[in-house]
Amino acid sequence: MKNISVIFWSGSGNTEAMAIKIFEGAKTSNTKVRLLNVEKANIDDVINSDIVCLGCPAMGAEELEETIMEPFIESISSLLKGKKIALFGSYGWGDGEWMVNFKDRMEEYGAKLLAKGLIINGEPDESQLEECIEYGENLAKF
């Protein structure tokens, strides 16, 4: 059975809505999926997962949230070499540069990115939530 952890931080609830739908899409008979707010996640959740799906909205000047998500990413950085990773998040301004930087950073840590980062501008609508479900379904196929 494949273990998948969907770990996220959300300020307004948009990234959380995405996380829930990714979680729903990834649940199959061959997967065990955990949905975790980053405040409840720990290193073991990364170590014990075949795939880690990380979600964070763009903050400030196209950055990850710096008081909770950023320290978590730093704490797991040494564990990501060869780890299958997927990324997602929402944004309200800019052009998605934070996701490019997030992806580049994961690659620098040696992570194996499974998909292009899924980004949604603002609150996800019904079609975008369906896109999140499909993203989760695709994760379960890796």
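Predicted model: local features only at pLDDT ≥ 70, side-chain atom pairs only at ≥ 80, totals over all residues.
**Exercise 1. Find out whether Y91 and W98 are buried or exposed, and describe how their rings meet.**

Solution. Next, look for aromatic pairs; a search of the whole structure gives one. The ring centres of Y91 and W98 lie 5.6 Å apart, and their planes make an angle of 45°. Planes under 30 degrees apart would count as stacked and over 60 as edge-to-face, so this pair is tilted.

**Exercise 2. Work out how many disulfides there are, checking C53 and C56.**

Solution. Two cysteine sulfur atoms must lie within 2.5 Å to count. By that rule, the number of disulfides is zero. Take C53: its nearest cysteine sulfur belongs to C132 and is 9.4 Å away, and C53 is in no disulfide. For C56, the nearest cysteine sulfur is that of C53, at 12 Å, and C56 is in no disulfide either.

**Exercise 3. Describe how helix α1 and helix α5 cross, and name residues in their contact.**

Solution. First locate the helices: α1 covers residues 14-26 and α5 covers residues 126-141. Their axes come within 6 Å and cross at roughly 45°, so the two helices are oblique to each other. Then the hand: α1 passes α5 in a right-handed crossing. Finally, the contact: α1 contributes A17, M18, K21, I22, G25 and A26, while the residues from α5 include L129, C132, I133 and Y135.

Conventions: Residues numbered from 1 in each chain as written. Heavy atoms only, no water. Phe/Tyr/Trp six-rings, centres within 6.5 Å; stacked < 30°, edge-to-face > 60°. Axes fitted to C-alpha atoms, helices over the stretch in contact; angles between N-to-C directions. Helix = DSSP H or I, 4+ residues; strand = E, 2+ residues; numbered from the N terminus. Parallel < 35°, antiparallel > 145°, perpendicular 65-115°, else oblique. Left-handed = near helix turned anticlockwise from the far one by under 90°. Contact = heavy atoms within 4.5 Å.
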